[in-house]
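Visitor: I have a model open and would like to talk it through. Could you take my questions as they come?

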Amino acid sequence: MLRVGLTGGIGSGKSTVAGRLAEHGAVLIDADKLAREVVQPGTPGLAAVVEAFGAEVLAPDGSLDRPKLAAVVFNSAEQRERLNGIVHPLVGRRTAEMLASAADDAVVVHDVPLLVEKNYAPMYHLVVVVDADVEERVRRLAETRGMSPQDARARIAAQATVEQRRAVADVWLDNSSTPDRVLAQADALWADRLVPFEANVRLRRWGRYGNPRLYDYNAEWPLQAARLAARIELVTGGLRVDHIGSTAVPGLPAKDIIDLQVTVSSLDQADGFAEPLTAAGFPVRPENTGDRGKETKRYHNCADPGRLANIHLRVEGSEDWRNALLFRDWLRASVEERASYVQLKQGIAKRFASAGDLAEVATAKDAWFDSALPRAQAWAEATGWQP
Ligand code: ADP
C-alpha cells in the first residue's frame with residue numbers, strides 16, 4: 001500500500017486532483033468529509049457535540065448547524081480545542097478503519113486540508129501539494145462557493161504559507177491555469193510515479209540506478225533530503241539523520257541520488273529497523289553492507305521512482321560514520337578541494353558513461369578519498385571540527 005498525502009490551500013483545486021486520482025483507482029480518504037460524517041444526526045459524535053455546546057448548535061431538523069457552531073468556537077481557543085477533542089479522535093478512528101480495509105496494492109490518497117499546519121507530512125510515502133495564485137483562488141471561491149473576496153482572503157491568510165507548503169511538497173502541482181492542465185499533471189503523476197512507487201513498496205524494490213550522470217548542483221537537494229530524513233526520523237523514533245555525500249555540498253555537481261546517514265548505536269539496532277523502514281518506502285538492501293569490504297553498515301534505498309536515495313545506517317563513532325560527516329563538512333569549507341573532487345567526478349563520468357559499472361566507480365572514488373583523508377583530518381584538527 002502506498003500512502004499519499006494530498007493538500008493545498010482552500011480553492012487551490014485539491015478536490016479536483018483528488019477526484020481525478022480516484023478515477024484512476026486511488027482509494028480516497030477525505031478528511032473534511034469524514035469530519036462531517038462523524039457528526040451526522042444519530043451519531044455519538046453529534047451527541048457529544050450537543051453535550052459540550054448545548055442544543056442551540058442544532059438546526060430545527062436535528063442536524064448540526066455549522067455556522068452557529070463556528071460562531072461559538074470562533075473566538076475561543078478553548079472551545080475550539082474542546083470541539084477538536086471530540087471530532088479529531090473520531091476522524092482518526094474512521095481513517096484508521098479505512099486504511100485497514102484498503103487492499104494490499106492500494107494507492108491511498110489522503111486529502112487533508114491542514115496537513116502542513118499539523119506537521120503530518122512525514123507520515124506519508126509521498127506528499128502532493130496543489131497550488132494556485134491567490135487571486136485566482138479568490139475568484140474561484142467567489143464563483144463556485146459564493147464566498148466574498150474578504151472572507152476568501154481571510155481564510156487563505158489563516159492557512160499555511162506557500163513556503164511552508166513547498167518545504168513538504170514532494171510533488172508540486174500548479175493549478176493556476178485551466179483545469180485540463182492540472183488534470184494532465186495528475187494523470188502523469190498517477191502513471192509515472194504513484195503506480196510504480198506502490199509496486200516498489202509492496203515488492204520491496206527500489207528505483208533503478210542508471211549511468212553515473214552528473215547534474216549541476218540543485219538547491220532542491222537539501223530540501224528533498226530533509227523530507228526523506230523527517231520520514232526516517234519518524235519511523236526510527238528520532239534517530240539522527242544527516243544529509244551526506246555530494247548532494248549535501250552546495251556547488252558540487254552530483255548524481256541525482258540523495259545520500260543520508262542514519263546514526264545507530266549498533267548494527268543490531270539497525271537490523272531492528274529493516275522492516276519498518278522498508279514499509280515506509282525505504283527497502284533494505286541485504287548486499288552492500290560494508291565500506292571497503294568490512295561489515296560496517298546497513299543499506300537501504302528509496303522506493304520512490306522519482307527520488308533515488310541511498311540510506312546508510314552506521315554506528316555512532318565508527319570510522320566510516322565519522323568520515324562521511326567529515327568529508328561533507330570539509331568539502332563545504334574548501335573551494336579548492338571541491339574543485340579537485342569535481343575534476344575526479346567528471347573524469348569518472350566520462351570513463352564510465354556507457355559502462356555504468358558502479359563497482360569500478362566506487363573503487364576510483366575510494367582512491368581519491370584515501371589520498372584526501374589526511375588533508376581532511378588536518379583540517380578537522382586545525383578547526384576543532386567535531387562530527
Ligand atoms: P479545494 O478542494 O482545493 O478547495 P477545488 O478542487 O474544490 O479546491 O476547486 C475550487 C473550485 O475551483 C471548484 O469549484 C473547482 O471546480 C474550480 N476549479 C478547480 N480547478 C480549476 C481551474 N484550473 N480553473 C478554474 N476553476 C477551477
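Visitor: How many bridges join strand S4 to S5, and do they run parallel or antiparallel?
Guide: Strand S4 (residues 126–131) and S5 are joined by 4 bridges and run parallel. Strands here are DSSP runs (E, at least two residues), as are helices (H or I, at least four), numbered from the N terminus. Two strands pair if DSSP finds at least two bridges between them. This is a predicted model, where local features need pLDDT of at least 70 and side-chain atom pairs count only at pLDDT 80 or more, while totals for chains, interfaces and linings use all residues. Residues are numbered from 1 along each chain as its sequence is written, and side-chain values use heavy atoms, with hydrogens and water left out.

Visitor: What is the bridge partner of Asp 131 in S5?
Guide: Asp 174.

Visitor: What is the strand order in that open sheet?
Guide: The order is S2-S3-S1-S4-S5, with parallel pairing. Strands S2 (27–30) and S5 (171–174) are at the edges with a single partner strand each, so one side of each has no neighbour in the sheet. From one strand to the next, the twist averages 20°.

Visitor: Which strands does helix H5 lie across?
Guide: Helix H5 (residues 77–101) lies across strand S1 (2–8), S2 and strand S3 (107–111), at about 175° to S2. Axes are lines fitted to C-alpha atoms, for helices over the stretch in contact, and angles run from 0 to 180 degrees between N-to-C directions; contact means heavy atoms within 4.5 Å.

Visitor: Now the other sheet. What is the order of its 5 strands?
Guide: S6-S7-S12-S11-S8, an open sheet with mixed pairing. S6 (241–244) and S8 (284–285) are its edge strands. S6 runs antiparallel to S7 (residues 258–264), with 4 bridges between them; His 243 has Leu 260 as its bridge partner in S7.

Visitor: Switching to the ligand. Which residues are closest?
Guide: Of the 15 residues that surround the ligand, the closest are Gly 11, Ser 15, Thr 16, Asn 175 and Ser 177. A residue is near if one of its heavy atoms lies within 4 Å.

Visitor: Which polar backbone atom is 2.7 Å from a ligand nitrogen?
Guide: One belonging to Ser 177. Arg 140 has a polar side-chain atom 3.2 Å from a nitrogen atom of the ligand. A polar contact is a pair of N or O atoms within 3.5 Å.

Visitor: Which elements give two or more residues to the shell around the ligand?
Guide: Helix H1 (14–24) and helix H6 (134–145).

How values were computed. A polar contact is a pair of N or O atoms within 3.5 Å; within protein, one must be able to donate a hydrogen and the other to accept it, and residues adjacent in sequence count only if both atoms are side-chain atoms.
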